[in-house]
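I opened this notebook to record what I looked up in one protein model. The entries follow the order in which I consulted the coordinates.

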Amino acid sequence: MSSIEIAGKQIETTEMGYLVNTEDWSEELASAIADIEALELTSKHWDVINHLRDEFFNNAGNQPNTRKMVKYFEKLWGEKIDAKVLYDLFPGDPSKQGRKISGLSESLRKGGY
């Protein structure tokens, strides 16, 4: 196990950097994880983070893959996008690196669409 310190509190993470307890997540912690991942969060990053959290907590633990995320964000942002747009935001894989910053557990999904 590892940890990240936020406001004097140690937040426990797995060896891969995912939160052990999803209840520890905060926007401040997301920003700290993004710093570790060398990402500067923009409003589009936050759209992805909030969508991943919403899908997980309000849709029975759903873990949308990149293809489904492209369709969702095309509608939300009102523009034609492809997977590259999401990979530009989260180079470590939008559905995986995005989950880490969103404070969710590591995806157990196996490749594919």
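**Entry 1. The whole chain**

I note at the outset that this is a predicted model. I looked up the secondary structure and found five helices and two strands. Along the sequence I read the order β-β-α-α-α-α-α.

I then checked the overall dimensions. The C-alpha atoms fill a box of roughly 45 × 25 × 25 Å along the principal axes. The radius of gyration is 14 Å, which agrees with the value near 13 Å that a compact globule of 113 residues would have.

For the surface, I recorded an accessible area of about 6600 Å², with 50% of it belonging to carbon and sulfur atoms. Buried residues account for 42% of the 113 residues. I also looked at contacts between residues at least 6 apart in sequence, and 51% of these join residues at least 24 apart.

**Entry 2. Helix α3**

I next turned to helix α3, which runs over residues 66-77 and has twelve residues. From its first C-alpha to its last, α3 reaches 16 Å, close to the 16 Å expected at 1.5 Å a residue.

Which residues of α3 are buried? I listed T66, M69, V70, F73, E74 and W77. They lie on the same side of α3, because they cover an arc of only 140° around the axis. I then asked what these buried residues pack against. The partners are α2 (43-58), α4 (83-89) and α5 (94-101). On the face turned away from the buried side, I found the exposed residues K68, K71 and K75.

I also inspected the two ends of α3. At its start, a side-chain oxygen of N65 comes to within 3.2 Å of the backbone nitrogen of R67. After α3 comes G78, with a positive phi near 65°.

Having recorded a glycine, I looked for other residues with positive phi. Most residues other than glycine have a negative phi.

I recorded A7 with a positive phi near 50°. A7 sits in the loop between β1 (2-6) and β2 (9-13). Is A7 buried or exposed? A7 counts as exposed, because its relative accessibility is 72% and the cut-off for exposed is over 50%.

I also recorded D93, which is not a glycine and has a positive phi of about 95°. D93 belongs to the loop between α4 and α5. With a relative accessibility of 15%, D93 counts as buried, since the cut-off for buried is under 20%.

I looked up T13 in strand β2. T13 has 3% relative accessibility and therefore counts as buried. Setting aside neighbours within four places in sequence, I found T13 in contact with M1, S2, S3, I4, Y18, L19 and V20.

I then looked up Q10, which is also placed in strand β2. Beyond its neighbours within four places in sequence, Q10 contacts S3, I4 and E5. Which side chains make polar contacts with that of Q10? I recorded the side chain of S3, at 2.6 Å, and the side chain of E5, at 3.0 Å.

As a distance check across the protein, I took Q10 and K96, which are 86 residues apart in sequence. Their C-alpha atoms are 23 Å apart in space.

Is Q97 buried or exposed? Q97 is buried, as its relative accessible area is 7%. What is Q97 in contact with, leaving aside neighbours within four places in sequence? I listed E37, L39, F90, P91 and G92.

Notes. Residues numbered from 1 in each chain as written. Predicted model: local features only at pLDDT ≥ 70, side-chain atom pairs only at ≥ 80, totals over all residues. Heavy atoms only, no water. Helix = DSSP H or I, 4+ residues; strand = E, 2+ residues; numbered from the N terminus. Expected span 1.5 Å × (residues − 1). Buried < 20%, exposed > 50% of the residue type's maximum accessible area, 1.4 Å probe, protein only. Arc of directions from axis to C-beta. Contact = heavy atoms within 4.5 Å. Polar contact = N/O pair within 3.5 Å; in protein donor to acceptor, adjacent residues only side chain to side chain. Rg over C-alpha atoms; globule rule 2.2 N^0.38 Å. Areas by Shrake-Rupley, 256 points an atom, 1.4 Å probe, with all protein chains shown as cover.
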